[in-house]
Amino acid sequence: MNKVFEAIRREQGYQDKIWGSIETNPRSIKIWIDLARNRISDAEINSLSIAGNPDITKLKLLQAAAYLVSCLEEHGVVEKECAHEWIMAGVKHDYYYSWRKILVYCPNCHVEGHIQNPSTHEYREAQSGERLRWYEPDRVVIQGSKS
Ligand SMILES: [Zn+2]
């Protein structure tokens, strides 16, 4: 875990000791947003003040981040869908059924897929594996995740 995430964890522990954990003191998303917004507002005021201390600004942002992480831990996390970027991962050839595929994967989310019925030129190029090649999303048949 990197330094920032470690600091968020410690801040969550500190907040839990004072206010209770998400198990002992569940809160609505609205309440979490209010808590985080107050800390962001404090950070903003501090950062705009001539007498403001940058360390105080960062501390307030850490408190806000800890609230937002706790909110997602209590209410569940949703991620945006990956706009896959397909790169070549290998080739497959079935001589009996006479089909061939170029295997591809998305380095961002590790979903795998394949290009069905590639041209001979594309297949040879993929077989050589000489260069990284990117494929158009509408040509890829998605197979699933390997992660
Ligand atoms: Zn992806």
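Predicted model: local features only at pLDDT ≥ 70, side-chain atom pairs only at ≥ 80, totals over all residues.
**Entry 1: α2 and α3**

I began with helix α2, residues 29–48, and helix α3, residues 54–75. Their axes come within 8 Å and cross at roughly 165°. An angle over 145 degrees counts as roughly antiparallel, so I noted α2 as roughly antiparallel to α3. I also looked up the hand of the crossing, and α2 passes α3 in a left-handed one.

Next I listed the residues that make the contact. On α2 they are Ile29, Trp32, Leu35, Ala36, Arg39, Ile40, Asp42, Ala43, Asn46 and Ser47. On α3 they are Ile56, Thr57, Lys60, Leu61, Gln63, Ala64, Tyr67, Leu68, Ser70, Cys71 and His75. Sorted by class, the contact of α2 with α3 has 12 nonpolar, six polar and three charged residues.

**Entry 2: α1 and α3**

I then turned to helix α1, residues 3–19, against α3. These axes come within 9 Å and cross at roughly 80°. Angles of 65 to 115 degrees count as roughly perpendicular, so α1 is roughly perpendicular to α3.

From α1, the contact takes in Ala7, Ile8, Glu11, Gln12 and Gln15. From α3, it takes in Leu62, Gln63, Ala65, Ala66, Val69 and Ser70. I sorted the residues of this contact of α1 with α3 into six nonpolar, four polar and one charged.

**Entry 3: nonpolar cores**

Which residues make up the largest nonpolar core? I found 11: Trp86, Met88, Val91, Ile102, Val104, Tyr105, Cys106, Ile115, Ala126, Tyr135 and Val140. Strands β1 (86–94) and β2 (99–105) each supply at least two residues of this core. There is also a second, separate core of eight residues, and Ala36, Ala43, Ala64 and Cys71 are among them. In soluble globular proteins, nonpolar side chains tend to be buried together.

I followed up Tyr105 from the largest core. Leaving aside neighbours within four places in sequence, Tyr105 is in contact with Ile87, Ala89, His110, Val111 and Glu112.

**Entry 4: positive phi**

Most residues other than glycine have a negative phi. I noted two residues with a positive value.

His110 has a phi near 70°. His110 sits in the loop between β2 and β3 (111–116). I looked up its surroundings: His110 has 12 C-beta neighbours inside 10 Å, so it counts as exposed.

Asn117 has a positive phi of about 45°. Its place is the loop between β3 and α4 (120–128). Asn117 counts as exposed because it has 11 C-beta neighbours inside 10 Å.

Glu122 is in helix α4. With 18 C-beta neighbours inside 10 Å, Glu122 counts as partly exposed. I checked the C-alpha atoms of Glu122 and Ile102, which are 20 residues apart along the chain and separated by 8.4 Å.

Not counting residues up to four places away in sequence, Ile142 touches Val111 and Gly113. Last, I looked up the separation of Ile142 and Asp34: 108 residues in sequence, and 41 Å in space from C-alpha to C-alpha.

How values were computed: Residues numbered from 1 in each chain as written. Core = buried A, V, L, I, M, F, W, Y, C linked by C-beta atoms within 7 Å. Buried ≥ 20, exposed ≤ 12 C-beta atoms within 10 Å, placed from the backbone. Helix = DSSP H or I, 4+ residues; strand = E, 2+ residues; numbered from the N terminus. Contact = placed C-beta atoms within 7 Å. Axes fitted to C-alpha atoms, helices over the stretch in contact; angles between N-to-C directions. Parallel < 35°, antiparallel > 145°, perpendicular 65-115°, else oblique. Left-handed = near helix turned anticlockwise from the far one by under 90°. Nonpolar A, V, L, I, M, F, W, Y, C, P; charged D, E, K, R; others polar.
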